[in-house]
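Colleague: I have the two chains open in my viewer. Can we walk through them, starting where they meet?

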Amino acid sequence: MSALGFDIIVIGGGHAGAEAARVAARGGARVAMITMLRDAIGRMSCNPAIGGLAKGNLVKEIDALGGLMGEATDRAGIQFKVLNRSKGPAVQGPRAQCDRDLYAAAVQSILATEPNLTILEGSVASLTFQGDSITGVVLADRTSISARAVVVTTGTFLRALMHSGEAKTPGGRFGEPSAETISDSLRAAGLELGRLKTGTPPRVEKDSVDYALLEEAPGDERPRPFSILTDSIDQLQVLCWLTYTAEPAHELIRANLHRAPMYSGQIAATGPRYCPSIEDKVVRFAEKPRHQIFVEPEGLRHPWLYMNGISTSLPADIQDAVVRSLPGFSQAKIARYGYAVEYDFVNPRQLEPTLQARGIEGLYLAGQINGTSGYEEAAAQGFLAGINALQSIRGGEPVILRRDQAYAGVMVDDLVTQGTVEPYRMFTSRAEHRLLLGCDSVYERLSPIAERIGVLDEPRRRRVEQRISRMNLALTAGSIPLRPDQETVAWLREAGIELTSQTTVGRLLQRPEITVARLTEAAADALPQLAERFAGLSEEETEGVLSRLRYSGYIERQLREAERLRDDEELLIPAGISFELPGLSREVVEKLSAHRPHSLGHAARIPGITPAAVALVRMHLRRGVRKSLSGTEQAS
Amino acid sequence: VTSRVDTIAAPATPAGRSALAIVRIDGPASAALLRAISRAEVDPEVRKATFARLWDPKGELLDECIAIRYEAPHSFTGNDLVELTLHGNPLLVERVLDVLVRQGARLAEPGEFSERAVLNGKLDLVQAESIAELINARTALQAKLSLSNLEGTLSRSAEAVRSTLLDVISRLEAALDFSEEGYEFIKRDEAGALLRDAMFRLGEMAATYERGRATSRGLEAVILGRPNAGKSTLLNRLVGTDRAIVTELPGTTRDIVRETIEIGGLPVTLADTAGLRAGGDTVEEIGIARARAAALEADLVIYLVDATEGMSSEDRAEIAGLNEVLVVYNKSDLAAAPADELSISAQSGLGFERLLQSLDSLVRSRFAASEGALVNERQRGAVSDCVLAVEAAIAGLDSGLDEELVLVDLYAASTALGRLTGAITNDEVLGQIFGSFCIGK
């Protein structure tokens, strides 16, 4: 038995594991990543795309913190598109279709440059503990590896079972094994496990499709990179296509529901409501005459298409019939059938906001094991678990992002306070102050945190600094005065704007009838100082500044509201406190005691706690503060 | 009794001799306290009126009573609760409470039982306020309104509007978060139409405030007129006693004399005032100034005109600028009033029935509310904040503002309505509400 030792072990090389390993290694820890298959590091198990609504924001947040997902996407992206482009930056979601082989290669090459990171191929059999602390892992070949912290990012691989029609195969991803025994270790450590399911759609041979019958779905004309380190997208950009299901396919699915594991009762686990299988869609949206399918290439040279929108676990013969019923697919050959996978997860209510398992020193969990779905959700958790593992072994401050600071903060808070009963996916509507969480402001919100901890690389730091100062200069354009002299009135009228009294550029932009593009166009010659302030800004930066000027009233409202709520977030609840306060019912006391909220804000978000009960706890905590203050006064 | 959720006790009926008196005990130790003072081995069956003898620690009999035990969460407060129905002697009640306190109970603060009910989600804020209103009601109509609010009429209206808001919010959110799925969740016009409907209902709710407040507080009515018009005689006749001094001499009434009667289901405080004239002494002048001030603030002014003298330009000047004026001609036995005018003889009582009917229908049509009305400033403020926010959201939708910004206003609207029922609240509001309670509620 060899005696390997590291500071931090990361189990798994998926999107969570890659971020965790990289940030911890960057912070100077000696890190081992243990993966069952070295080549599978960074593999996209499901759709070949990164980003999307709210998810794209998570990728930008990871980039601002020094993570790798944005960089890898920029190297592998073959179609970039900003979703919700017509709306404000707060709800825009950048997305990129990726070449799945290039993506995995990019992740692997980024990890290869980290000198503190060792990648070990092997299967973890169990976790080892001493008292309330984790001490390392034992591999299937009996090798013991010790560490002061372990980040578990096993995705869908814990006791994983794949379903395709009536057929069941153990495994977390097609052709890859399941991790059967880690669950026992987690249970032995006192964690409760549950069961979730997710699904994937069929893949179709590229050359078996008649593209003339499909609708083209092009990307943006000017691809917008994810990472601040990327100057331009160099990959060839390609088309995606759209097609739709029709009634005959729906009928076929309805007639064969008994053969779909979710409906036959073969899978009892809960699936994601928000990424429903085609069986689900046909049943739950019975009134819809058609469902949309994005037909996405899996890569530049990859021979398959990904049928985004018909994730399914129906048997092969039905999948064939459904796919062949689609326009353009009458001769289609399915290269790999869709399947559902069910797996163990740890209800994240058992985690601290650092993603450490509550009461188990050094054990961190991130990604799908925590009940989330999606690469971006996994990566953001992986990053935070990695940085907190790093901080714990260095004795540094934990990194807990606030809800008004990052979507990642909203996600972790949701997970640890509410838990989840279905695969958790990020949405912009989960954030109560999303106007503050737009991609345009991500670097000023988050990069300073990474810099303070020493995980922000110098090139990124410099670019962040320059971006912020460029945008701040442009923001001062808001106070440029506009006097109603003849000349000004004339060029503004030219742009369709009536100026009657003195105002500023900022106030003018807030008028609802103003078209920003027309104003800036007209101002190019007439008001050169405006154009000067915006010189050197990228299109994305310009849009960000203009929208901040335009919606400053709404943004300030959310800022004030967030500040007010922050009082509750900062009102900490001492660890050992008893919630048996005069007036609280047994039910409320039990809920509070079970959740052990760390702050009053946290307590307020626990389901079933009335606002009045929160007010009572608040009064009690404040009284406690006053008491201890007056105590100090007496002592001094 | 070791739990820190303490057990409280208080009389639920007023001090005084009566057939029965009720003592309430609330909290985790309530059943144990009952066992202790009734020397019982077991708890009485839940929700069953059970006879019990109560003893003090020395073994002396305190009283015989009927005990009813409630188990959490199925009680008024949501906690374990015991009600003891004793004989209605304040001395007995005091002794029982004394023994309960010596066994570990704490005397309840005013409003503490209702406060616990709100804390545990058994009552919303409007309902808790209604309890205080119901207990303090002085007329049947006031009681009816409070009961309607307690029963949830107002809360349900608010909830209905809130569910419209949440419907629009969730569909606008879906349109933002699922914009790529190829489904249409809501059209802007449809959102606008739903919000206009919500505005209409909010307008109806806001409009209940004037009547609700009037019904809850009662009305201030002032009898105004020139000297010797017969104001004091009218007051005495309305009240039914010789409350105000009546003489032949003009200027007898100097300070304001007040008395409360029920008109149209509302408590109406009538004020008899100094007759309005120039050239009296200093004391009379002060009285006249007070009369005018009272009339300006009054909900209702009964302006009494001496029929023998008729309506003068001075009378018209006094009436101008007052809120709600009922002109009444007095001394119909001496001179005829103009046709279609209310006329009475305060002296003989002639025409008095008609006056009472006029007052009654005026109050009912103008001030009375019998169900689901906003009754205080806190409630009005929440509804009006909601109205402002929905207005802003509609304006945003109409001017093409992005959904995520319209949603900021819609969340503000929903929060404001939540404040009405206490779905969203803060300590100050709670403190203010429960401060107005008396012990035992």
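Colleague: How many salt bridges are there between chain B and chain A?

Modeller: First, the ground rules: this is a predicted model, where local features need pLDDT of at least 70, side-chain atom pairs count only at pLDDT 80 or more, and totals for chains, interfaces and linings use all residues. Residues are numbered from 1 along each chain as its sequence is written, chains are lettered from A and ligands numbered from 1 in the order in which they are written, and side-chain values use heavy atoms, with hydrogens and water left out. A salt bridge is a side-chain nitrogen of Lys or Arg within 4 Å of a carboxyl oxygen of Asp or Glu. Between chain B and chain A, the count is three.

Colleague: Which residue of chain A forms a salt bridge with B:D409?

Modeller: B:D409 lies in helix α13 (residues 403-421) of chain B, and its partner lies in helix α19 (residues 552-570) of chain A, so the pair joins two chains. Helices here are DSSP runs (H or I, at least four residues), and strands are too (E, at least two), numbered from the N terminus. The closest N and O atoms are 2.9 Å apart, and the partner is A:R557.

Colleague: Is B:D409 buried or exposed?

Modeller: Buried means under 20% relative accessible area, exposed over 50%, partly exposed in between (1.4 Å probe, protein chains only). A:R557 is partly exposed at 27%. B:D409 has a relative accessible area of 3%, so it counts as buried.

Colleague: Which element gives the most to the side of chain B that touches chain A?

Modeller: In total, 39 residues of chain B are in contact (heavy atoms within 4.5 Å) with 46 residues of chain A. Chain B and chain A bury about 3,600 Å² between them, 53% of it on carbon and sulfur atoms; this buried area is the accessible area (1.4 Å probe) that two parts lose on being put together, summed over both. The interface also holds eleven residue pairs in polar contact, both at pLDDT 80 or more. The elements of chain B giving two or more residues are α3 (112-119), α6, α13 and α14 (427-435), and the top contributor, with seven residues, is α13(B).

Colleague: Within chain A, which residue forms a salt bridge with A:E376?

Modeller: The closest N and O atoms of this pair are 3.3 Å apart. The pair links distant parts of the chain, 321 residues apart: helix α10 (residues 375-394) and helix α2 (residues 55-65). The partner of A:E376 is A:K55.

Colleague: Which residues of helix α16 of chain A are buried?

Modeller: α16(A) spans residues 516-526. Its buried residues fall within an arc of 60° (directions from the helix axis to the C-beta atoms), so they line one face of the helix. They pack against α14 (486-494), α15 (505-509), α17 (528-534) and α18 (539-550) of chain A, while the face turned away carries the exposed A:E521 and A:D525. The buried ones are A:V516, A:L519 and A:A523.

Colleague: Which backbone nitrogen does the side chain of B:S75 reach?

Modeller: B:S75 sits in the loop between β4 (61-70) and β5 (81-88) of chain B. Leaving aside neighbours within four places in sequence, B:S75 is in contact with B:Y70, B:L81 and B:K122. At 3.0 Å, its side chain reaches the backbone nitrogen of B:G78.

Terms used: Polar contact = N/O pair within 3.5 Å; in protein donor to acceptor, adjacent residues only side chain to side chain.
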